[in-house]
Amino acid sequence: HAWPILFFHSPSSISIPFLIPCLAEEFIDVIIGNRVYLKCVYCYNKIDQISLEEVDRLAHRPSSLVISCELDLNLDRLLAKLWEFLALIRVYTKKRGEPPDFSNPLILRTSSAVEHVCHSVHRTLVGQFRYALVWGTSTKYNPQRVGLHHRVDDEDVIQIVKK
């Protein structure tokens with residue numbers, strides 16, 4: 001099955017073991033190298049209009065989520081799945097002497113450091129950075145004084161102190 005494809009694209013003698021089943025189109029894409037396969041989440045809406053057996057079948061497919069916008073079913077799960085899938089975290093800012101601002105978080109990638117937080121606030125803040133105080137799961141103590149390379153976790157609170 002693979003021989004005509006290989007002969008057409010590069011006529012040399014090679015053997016290719018298939019560890020997983022793939023379609024001819026996927027194999028051609030790998031040989032040519034012009035496609036990139038990305039992970040995705042399949043979201044099936046209007047589950048209130050189909051049978052329970054069909055909903056169960058769809059829900060058990062890999063990377064699938066069933067929702068109903070009409071009945072507000074699984075919308076919170078969809079939101080959590082998208083945050084997890086996109087690897088995003090929320091970091092809240094705090095000014096000195098004031099409570100944290102939980103209404104407007106900074107949205108960052110999972111492996112972000114304090115330096116990324118500074119860039120999100122303002123591009124010149126890194127040059128004026130002295131230290132930061134962080135409250136949350138990324139620290140041993142609340143608050144903990146950290147530098148630019150400290151990794152922040154989801155829902156951490158940060159107060160940046162300038163020079």
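I began with C118, which is buried at a relative accessible area of 0%. The model I am reading is a predicted one.

**Entry on cysteines.** I next searched the whole structure for disulfides and found zero. I checked C40 in particular: C40 is in no disulfide, and the nearest cysteine sulfur, that of C43, is 11 Å away. A disulfide would need the two sulfur atoms within 2.5 Å. I also looked up the accessibility of C40, which is 31% in relative terms, so C40 counts as partly exposed, whereas C118 is buried.

**Entry on helix α5.** I asked which residues of helix α5 are buried. Helix α5 spans residues 114-121, and its buried residues are V114, V117 and C118. I then looked at how these are placed around the axis: they cover an arc of only 100°, and therefore they lie on the same side of α5. I followed this with a look at what covers the buried residues of α5. Among the covering elements I noted the strands β3 (88-93), β4 (101-109), β5 (129-135), β6 (144-146) and β7 (156-162). Helix α6 (125-128) is also included in that cover.

**Entry on the largest pocket.** I looked up the volume of the largest pocket, which is about 250 Å³. I listed its lining as T93, K94, K95, R96, V121, L125, I158, Q159, I160, V161 and K162. Sorted by class, the lining has five nonpolar, two polar and four charged residues.

**Entry on K163.** I moved on to K163, which lies in the segment after β7. K163 has a relative accessibility of 75%, so I recorded K163 as exposed, the cut-off for which is over 50%. Leaving aside neighbours within four places in sequence, I found K163 in contact with G127, Q128, F129 and R130. I also noted the separation of K163 from A59: the two are 104 residues apart along the chain, and their C-alpha atoms are separated by 53 Å.

**Entry on S64.** A59 came up again when I turned to S64, because A59 is one of the residues that S64 touches. I located S64 in strand β2, which covers residues 64-66. Is S64 buried or exposed? S64 has a relative accessible area of 11% and is therefore buried. Not counting residues up to four places away in sequence, S64 touches Y42, Y44, L58 and A59.

Methods:
Residues numbered from 1 in each chain as written. Predicted model: local features only at pLDDT ≥ 70, side-chain atom pairs only at ≥ 80, totals over all residues. Heavy atoms only, no water. Buried < 20%, exposed > 50% of the residue type's maximum accessible area, 1.4 Å probe, protein only. Helix = DSSP H or I, 4+ residues; strand = E, 2+ residues; numbered from the N terminus. Arc of directions from axis to C-beta. Contact = heavy atoms within 4.5 Å. 1 Å grid on protein atoms, 1.4 Å probe; cavity = no way out; pocket = protein on both sides within 12 Å on 5 of 7 lines; lining within 4 Å. Points joined across faces, edges and corners; volume = space filled by probe spheres on them. Nonpolar A, V, L, I, M, F, W, Y, C, P; charged D, E, K, R; others polar.
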